[in-house]
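Trainee: Before we start, I would like to go through the labels used for this chain and ask what stands behind them.

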Amino acid sequence: MQKKKKQKLNYGNSYGSENEISKIIKILIGLCAFLIVFYFLALLMTGEIKLGGKGNQDEKKVEIQYDEIIAGETFTKEEEEYYVFYFNFTEKLSSTYFLYRDSYVEKEEHLPMYLVDLEKGFNKGHVTKDQEEREDHPENIEALKVTSPTIIKIKDKKVVERVEGKDEVVELLKELNK
């Protein structure tokens, strides 16, 4: 009788280890299924996979933004004549400046207008400090000093017009939009 009990216990142990292995396999399969579903959802959210769409018809063309430049590029643009608009992009009137500027560049006949954010580190060296002297019509980037806001007109790589101050800049933008 004792042998039968031992045999039953032995059978019970081998059956238990097979049960544990099947549980581990089921857990691994479930984990893999979860990761696959999560990966698929991540692809959907990032837009790499689109379901039921019209394919490429809905995609927009990628446009590279060339309008914002650093102050060091003021005299290096390819055009013969253009404007460069210097201001802090986070100041209160910046939305007004962007509105006027955007309506100007949407006109059929317009000169290019480049934007320079004076708050960026590369551009801070060209911002005038209190009572600092500056040239009205500098001929190179080393001599360029501006305040916020300023619009300069470049023609043949030289400053031919300079408008400074909030009211004056808004007036120039209004005039350009006529």
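**Labels and their cut-offs**

Trainee: Why is Asp 156 called partly exposed?
Mentor: Its relative accessibility is 46%. Buried means under 20% relative accessible area and exposed over 50%, with partly exposed in between (1.4 Å probe, protein chains only). Asp 156 therefore counts as partly exposed.

Trainee: What is this model, and how are residues numbered?
Mentor: It is a predicted model, in which local features need pLDDT of at least 70, side-chain atom pairs count only at pLDDT 80 or more, and totals for chains, interfaces and linings use all residues. Residues are numbered from 1 along each chain as its sequence is written, and side-chain values use heavy atoms, leaving out hydrogens and water.

Trainee: Why is Lys 157 called partly exposed?
Mentor: Its relative accessible area is 35%, so Lys 157 is partly exposed.

Trainee: Where does Lys 157 lie?
Mentor: Lys 157 is in the loop between strand 3 and strand 4, and Asp 156 lies in that loop too. Strands are DSSP runs of E with at least two residues, and helices are runs of H or I with at least four, numbered from the N terminus.

Trainee: What is the phi of Asp 156, and what is that of Lys 157?
Mentor: Phi is near 55° for Asp 156 and about 65° for Lys 157. Both values are positive, and neither residue is a glycine. Most residues other than glycine have a negative phi.

Trainee: Which residues does a cis peptide bond join?
Mentor: Ser 148 and Pro 149, with omega about -5°. Pro 149 lies in the loop between strand 2 (113–117) and strand 3 (150–155).
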